[in-house]
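Hi,

Here is the structure I promised to send over. Have a look at it first, then read on for what turned up in it.

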Amino acid sequence: MARTTMPWFIIAAFMLTAAVSALQFVPEVTMSLDDAPEHRWIPAIDAVVHAHGINNSICAVLNFYIPVLGILPADTGSILAATIKARYPTRYAELQGICDRVTKLGCPVQIDTLAPFFYFYELMHINAFQEAYHQAAAGTASGHRHLHRQRPTAAASSWRRSCTGILSLPVDRSQPIIHGRNMDESPHQGRNMTLRINVTKGGKLLYQIADWTWITTGFFTSQRFGGVSLEQNWREADSFTYQEVMANIANPKSNPFVTMYRAIQEGEMDFDAAVSFLTDANNMAPFYVIMSGTKRRGAILSIDANASLTHREFLHDGMNVTFKVQTNYDRWLPDPADDDRRTVAENTLSMMGRPRSGTELGVWMALSTFPVHNPTTMFTALLGAERPVAEVYVRQAMDLHP
């Protein structure tokens, strides 16, 4: 009996329809760098509150993380606030403006409470934070204060802080490289904070943010037309004691991650300059960078803390591969048994064949395949240095047990 094969366009239409049905609108706002720092993020705050209310967005996210941050010594917030004020006065003014606006809208927050979010990525690499975070994500935060434990013996649980980035080259060499991104994180209400923010200077568009982490005055996802697109993924390479992290923060030569992508985009660095900046910077915690530039170039950087080691992989037309996938594990190692997102995405793109894997639809389908798209996937974005507008779609929370 002959086997019939469903036409490709029918499969694609079915999968796309299923994916689109689970999308939510992402508000678009403008932030002007010409505004006073304390006023810059007001449009973002107001857009989120208008769409979802303060208690189902910003306040819910703060209330999720504040108990996790509660394992810190009581004076940590004031120490960090003083450090930001002395070293990054403009960013301190931005944080103060966020505090004032959020408080006015009914979610009281002080600068000492918000200051740890500026160093949030670094603080989350404190070994005890991993346990507290996963307990909070599971709804069982205990508020313990074991800040001096040794490194945890088990890796972080799957689907919590588990992002995916894809770089793919179209067959047509006149078309730019495609950069696709899934942001996976808790809590659920982070979806309601996701925005597309047009950052302007002198009345002109400078770059775009596609993210919910702007509450830190930074971001993990952005693009600049004619420049670079940038994505950051969590890396579990190292964890630290509280004392080690605070010593790094006190070191004036160390760079908190929240400053790095803004330095690239607002400094209008090109692809090569951005790669050099990221690999040479004295950062405080390990992370992955997935990025694209003009001339069909892409890169995946695996960066250790304190610029101790950087593994660089590039993607361009001179190579014998046409796509690369990065999740939260070093690409030279196999996927862990309990989290095969990279393998699934690679197999999906390979299954499509060369013409289809190098399309936005192909990248979207790989990012929409379980478990690449999983219960904590907040949004999917399509980016690129030669893309005029970033596409950002909030994904409704996936229920594995309807």
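Two strands count as paired if DSSP finds at least two bridges between them. Helices (H or I, at least four residues) and strands (E, at least two) are DSSP runs, numbered from the N terminus. Keep in mind that this is a predicted model, where local features need pLDDT of at least 70 and side-chain atom pairs count only at pLDDT 80 or more, while totals for chains, interfaces and linings use all residues. Residues are numbered from 1 along each chain as its sequence is written, and side-chain values use heavy atoms, with hydrogens and water left out.

With that in hand, look at strand 3 (residues 164–168) and strand 4 (residues 178–184): they pair in the antiparallel sense over 5 bridges. Within that pair, Gly165 sits opposite Arg181 of strand 4. Both strands belong to an open sheet of 6 strands, in the order 1-14-13-4-3-12, with antiparallel pairing. At its edges you'll find strand 1 (23–24) and strand 12 (323–326), each pairing on one side only.

Now for the helices on that sheet. Helix 12 (residues 341–352) lies across strand 3 and strand 12, at about 160° to strand 12. (Axes are lines fitted to C-alpha atoms, for helices over the stretch in contact, and angles run from 0 to 180 degrees between N-to-C directions; contact means heavy atoms within 4.5 Å.) Helix 14 (residues 360–367) packs on the sheet too, touching strands 1, 3, 4, 13 (377–383) and 14 (391–395), and its direction makes about 20° with that of strand 4.

What is the strand order in the open sheet of 8 strands? Reading across, it goes 2-5-6-7-8-9-10-11, with mixed pairing. Strand 2 (28–32) and strand 11 (310–315) are at the edges with a single partner strand each, so one side of each has no neighbour in the sheet. From one strand to the next, the twist averages 20°. Inside this sheet, strand 6 (residues 204–211) and strand 7 (residues 221–223) run antiparallel and are joined by 2 bridges, with Gln208 opposite Gln223 of strand 7. Helix 11 (residues 271–280) lies across strands 8 (228–234), 9 (287–293), 10 (297–303) and 11, at about 5° to strand 10.

Finally, the whole chain: it has 14 helices and 14 strands. Of its 402 residues, 56% are buried, meaning under 20% relative accessible area with a 1.4 Å probe, protein chains only.

Cheers

Key: Buried < 20%, exposed > 50% of the residue type's maximum accessible area, 1.4 Å probe, protein only.
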